[in-house]
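Have the viewer open as you read.

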Amino acid sequence: MTAMRVAIVYNQPKCPAPREHWLSRSQPGTVIEETFKDASECGVVEQARLIEDVLRSAGYDTVLYGANVAGSLMEFLSREHPDLIFNCCESLGGNASLEMNVAALFEIAGIPFTGSPALTLGMALNKDLAKSLFVANGIPTPPWAVLSPHRGLDHARRLEFPLIVKPLREDASIGIGAHSIVDGEPELLERARFIWREFRQPALAEEFIEGRELNVAVLADGPEQFVTLPVSEIVFDGYPDHQRKILTYEAKWIKDSPYYTSTVPRCPAELCGELADPIRSLAVDAAAAVQLRDYGRIDFRVRSSDGGIFVLEANPNPDISSDSGFIRAAQASGRTYAGVILEIVESARSRAREKDHRP
């Protein structure tokens, strides 16, 4: 019997080509190399290789491909004829907004693939759209406004400071730094202009929730059903007292940064049942609202003043490298790294079999 052929497709990183990084301009006084490798992009290569090792050990016929240009990707698919694609693409040509287009190419080619469909990837990347879906489904999320150069700050004046300001269409905490939280209109305008200039897209201003930062990894348990893995918390014990506790790009990706060493993940988080149960329930609701598939992660804040729970984002196809938060939560549930990868593949295979059997 011929082994199933699985293509592990990842976004070809722009590194090691040097480039000036937005961090070198967004955080005055912070000493950062202007030409370091983009860790959030480069980590995908190691992730893809680990996945290939797991699948080969399980008897699959595998091929790795680093996607950079749509035409070349389609030529690869036509040449290799994979039975299934393990989709590790988070961008195309360094553009995160094209993540959904890669999945759309797989859909056009008629090849089953792991993770969320193109529509979900597009909805989740657009923070305004995702938060609107949360509200429509009764899921609490911090009040927000979209700021663009031609609209100015008008829509933000109904919000209460402090606010956190982010690029509207980025992930992996790109664009979030020590100066992302603002306490008044002059700072808000300055940060919005920075987003407009550096990322060439609108900014999202959102009421900052002072409190605990939690996240819940979800894993498919049948069509349109998810199980929640143990709740994780980002502990900010090492942060300076004067510094707002947020998970910046440095804290997430730059290992020699003091922000990285001051944000310690804890899984399982120390939660009482009165908090854990509604968080897990909201995680499943948020996953359904944006139509996540196979696996994902939902980010939360719990307000210190009254215990209010807020969904910040739903993350389709999150990082599943061996040291990622998703895998840490999976291991806390008793799963192995290989077991998680094979669960994700089996979920995609089951979906493909169901589609083949439809009349």
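What follows covers a helix pair, then a sheet and the helices against it.

## The model

Please keep in mind that this is a predicted model.

## A pair of helices

Two packed helices are described by the angle between their axes and the distance between the axes. For helix H3 (residues 70–80) and helix H4 (residues 99–109), the angle is about 35° and the axes lie 11 Å apart. Their crossing is right-handed.

Which residues of H3 and H4 meet? From H3 come Ala70, Leu73, Met74 and Leu77, and from H4 come Val102, Leu105, Phe106 and Ala109. Sorted by class, this contact holds eight nonpolar residues, with no polar and no charged ones.

## The sheet

Strands of a sheet pair through backbone hydrogen bonds, either parallel or antiparallel. Here, four strands make an open sheet, ordered S4-S7-S5-S6, with antiparallel pairing. At the edges are strand S4 (144–147) and strand S6 (181–182), each of which pairs on one side only.

Strand S5 (residues 163–167) and strand S7 (residues 203–207) are joined by five bridges in the antiparallel sense.

Helix H7 (residues 185–199) lies across S4, S5, S6 and S7. Relative to S5, H7 runs at about 10°.

Conventions
Residues are numbered from 1 along each chain as its sequence is written. This is a predicted model: local features need pLDDT of at least 70, side-chain atom pairs count only at pLDDT 80 or more; totals for chains, interfaces and linings use all residues. Side-chain values use heavy atoms; hydrogens and water are left out. Axes are lines fitted to C-alpha atoms, for helices over the stretch in contact, and angles run from 0 to 180 degrees between N-to-C directions. Helices (H or I, at least four residues) and strands (E, at least two) are DSSP runs, numbered from the N terminus. A crossing is left-handed if the near helix is turned anticlockwise from the far one by less than a right angle, and right-handed if clockwise. Contact means heavy atoms within 4.5 Å. Ala, Val, Leu, Ile, Met, Phe, Trp, Tyr, Cys and Pro count as nonpolar, Asp, Glu, Lys and Arg as charged, and the others, Gly among them, as polar. Two strands pair if DSSP finds at least two bridges between them.
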